[in-house]
Amino acid sequence: MSAPDEESALLGLAPVAPDRTVAYGSGPDQVIDLYGPWAGAARGPLVVLLHGGFWRAAYDRRHLSPLAAELAGHGLPVALAEYRRAAGGAARMAEDVSAAVSAAVDEAGDEAAGGARAVLLGHSAGGHLALLAAARPGAPVARVVAVSPVADLARAHELGLSGGAVAELLGGGPGLAARIAAADPARHPPTGVPVTILHGGDDQEVPPELSRRYAAAAGAVATAAEARAGTGAAGTAAVGPARTTLHELPGVGHYAPVTPGTPACRTLLTELLGGRAV
């Protein structure tokens, strides 16, 4: 399937209404949509799902509602999060994501399998936000699964992705380099939180190079932390960033992994279900 066909296949799916919606703030975009088994029937961990769209207001959570429903159909409780986009920059989005995760964990309590900690599942710009959220001290996050993430913000800016979306997010002019560094997942890998990245080898929207660069940077930080602590890999979670696992999907573009029914989406489901066949 070509890149345009992948995009059409995802955006052509009808939105799926949630079981219920919960507000985590006073703004219209500060909500989470809940799907799936929440009352003791969950067969997997709580998943907080973060959509992409290069942080622009034109793209909202509805295009990932079919994925949320698909995950719920496999026994996963899902919170599809919205967040304030466009004006306000990365810091406000990060605050919203943190609040959304906390609200989802509160809703799940200890009912969701795996206890009250979340798996952050983010696509594209949502992958960027998931990686940043997991790096916050004390975040109730068990792991991150990032799909085609904008994982290296500095490189994304150098490449001018999506018509200069990084500068649009953070504002141009003096101090941009510092603002990029502050919001760049490659500069702030999560401490003690495992990260799995799925990235299509033919992704034209967010080149897989970004995920390779993130994995290399996170690995270097983890190795340095081990050396300082005098430990091996077994001590990584306690002293520095956990290892990052990158899976490149040959022949896959940007949208297929989050489009129900595709082989790439089945790969994502298998990853979230701990290797169980789907």
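The chain exposes about 10900 Å², and carbon and sulfur atoms supply 54% of this area (accessible areas follow the Shrake-Rupley method with a 1.4 Å probe; for residues, only the protein chains shown count as cover). The model is a predicted one, in which local features need pLDDT of at least 70 and side-chain atom pairs count only at pLDDT 80 or more, while totals for chains, interfaces and linings use all residues. Residues are numbered from 1 along each chain as its sequence is written, and side-chain values use heavy atoms, with hydrogens and water left out.

Ten helices and eight strands make up the secondary structure of the chain (DSSP runs numbered from the N terminus: H or I of at least four residues for helices, E of at least two for strands). Of the 278 residues, 52% count as buried, a term for a relative accessible area under 20%, with exposed meaning over 50% and partly exposed lying in between (1.4 Å probe, protein chains only). Among contacts with a separation of 6 or more, 72% join residues 24 or more positions apart (contact means heavy atoms within 4.5 Å).

On β2, strand β1 (residues 20-23) pairs in the antiparallel sense over four bridges, with valine 22 opposite isoleucine 32. Strand β4 (residues 78-81) also pairs with β2 in the antiparallel sense over four bridges, and valine 78 is the bridge partner of tyrosine 35. Strands count as paired if DSSP finds at least two bridges between them.

Turning to the aromatic rings, the count comes to one pair. Phenylalanine 54 and tryptophan 55 form this edge-to-face pair, at 5.9 Å centre to centre and 75° between the planes (rings of Phe, Tyr and Trp, the last by its six-membered ring, pair with centres within 6.5 Å; planes under 30 degrees apart are stacked, over 60 edge-to-face, and the rest tilted). Phenylalanine 54 is buried at 8% relative accessibility, and tryptophan 55 is buried at 3%.
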